[in-house]
Amino acid sequence: MVEEVPAPMEGLRAIKRRERHAAVHALYDKGVPIQVIAQTLGLDRKTVRRYAHAATPDDVPSGTGSRRYGRVHPYLPYLYRRWNEGCTDATRLCVEIRAQGYRGSERTVRRHLQDVRASGKPAPARPDELTVRKATWLITAHPDKLDESNRLKLKKLLSRCPELDAVAECARSFARMMTERRGRDLDDWISCAEHTGLKPLGSLARGLQQDFDAVAAGLTLEWSSGKVEGNINRVTDFGSSG
């Protein structure tokens, strides 16, 4: 009888990552809120968000995004210049910047270059700094309006800032309630907003609770959406100022 050889630790992690990604998306793709998924699967909300915003298991960030992406940022001008010179091999470029002192992973380099590859245009002369206005548009735009490059930017933005991720989820779920006239979900939305732990969202939730009947009507009846539109603007304004 041949003794079964245990799978390598990295292989076990990859299997767990695939299974968790499938479990999260089985619910998230049906419109189940992040908080409900977290409670159902027994996971932290931040973990669920990372998996929910990853198109594939390999796209799931490790949760140390700010530090990871910060390492490569000083080398982006060099990477972009080499890209425009015709060198598009991420492995080779990683070797070149490591010789200059880069201590991050090749995967990080590859992810940054994905933006350039997806755009189909030459790399910018300098790194594209994400403005507040651009970030707000990425969060509030309908997913169908985002091209591959912008989808990648949104994933990176949300994975690097859990607080902004929470605001984005609240804004999107409120927009769904408004467009689909699901006023019956308002109570659950208020609970989710309060559980983010963010004071501005908590304050907004309490305000909606005080005007609950009027807001619920605005989310349900076709003829009174003005008050609701004002509230969703308050949510997105908070996201742009955070």
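**Figure 1. E169, a buried glutamate in the predicted model.** With a relative accessibility of 8%, E169 falls under the 20% cut-off, so E169 counts as buried. This is a predicted model, so keep that in mind for every view here. The residue sits in helix α10, which covers residues 162-179. Who touches E169, once the neighbours within four places in sequence are set aside? The contacts are Y28, P33, I34 and R176.

**Figure 2. C170 and C192, two cysteines without a disulfide.** Let's move to the cysteines. How many disulfides does a search of the whole structure find? The search comes back with 0. C170 is in no disulfide, and the nearest cysteine sulfur to it belongs to C192, 6.9 Å away. Looking from the other end, C192 is in no disulfide either, and the nearest cysteine sulfur is that of C170, again at 6.9 Å. A disulfide would need the two sulfur atoms within 2.5 Å. Is C170 buried or exposed? C170 has a relative accessibility of 5%, so it counts as buried.

**Figure 3. Helices α2 and α3, crossing at roughly 110°.** Here we zoom in on a pair of helices. Two packed helices are described by the angle between their axes and the distance between the axes. Helix α2 takes in residues 34-41 and helix α3 residues 45-52. Their axes come within 9 Å and cross at roughly 110°. Angles of 65 to 115 degrees count as roughly perpendicular, so that is the label for α2 and α3. The crossing of α2 past α3 is right-handed. On the α2 side, the contact is made by I34, Q35, I37 and A38, and on the α3 side by R45, V48, R49 and A52. Sorted by class, this contact has 5 nonpolar, 1 polar and 2 charged residues.

**Figure 4. Helices α5 and α6, an oblique pair.** Now for another pair of helices. Helix α5 runs over residues 76-84 and helix α6 over residues 90-98. The two axes come within 11 Å, with a crossing angle of roughly 140°. Why is this pair called oblique? Roughly antiparallel needs an angle over 145 degrees and roughly perpendicular stops at 115, so α5 is oblique to α6. The crossing of α5 and α6 is right-handed. By class, the contact of α5 with α6 has 4 nonpolar, no polar and 3 charged residues.

**Figure 5. R111, a buried arginine in helix α7.** R111 has its place in helix α7, which spans residues 106-119. Its relative accessible area is 11%, so R111 is buried. Which residue lies 41 places from R111 in sequence and 8.7 Å from it in space? That is L152, with the distance taken from C-alpha to C-alpha.

Figure 6. The secondary structure comes to 14 helices and 0 strands. Read along the sequence, the pattern is α-α-α-α-α-α-α-α-α-α-α-α-α-α. The protein has 242 residues, and buried residues make up 40% of them; E169, C170 and R111 count as buried. Among contacts between residues at least 6 apart in sequence, 58% join residues at least 24 apart.

Key
Residues are numbered from 1 along each chain as its sequence is written. This is a predicted model: local features need pLDDT of at least 70, side-chain atom pairs count only at pLDDT 80 or more; totals for chains, interfaces and linings use all residues. Side-chain values use heavy atoms; hydrogens and water are left out. Helices (H or I, at least four residues) and strands (E, at least two) are DSSP runs, numbered from the N terminus. Buried means under 20% relative accessible area, exposed over 50%, partly exposed in between (1.4 Å probe, protein chains only). Contact means heavy atoms within 4.5 Å. Axes are lines fitted to C-alpha atoms, for helices over the stretch in contact, and angles run from 0 to 180 degrees between N-to-C directions. Angles under 35 degrees count as roughly parallel, over 145 as roughly antiparallel, 65 to 115 as roughly perpendicular and the rest as oblique. A crossing is left-handed if the near helix is turned anticlockwise from the far one by less than a right angle, and right-handed if clockwise. Ala, Val, Leu, Ile, Met, Phe, Trp, Tyr, Cys and Pro count as nonpolar, Asp, Glu, Lys and Arg as charged, and the others, Gly among them, as polar.
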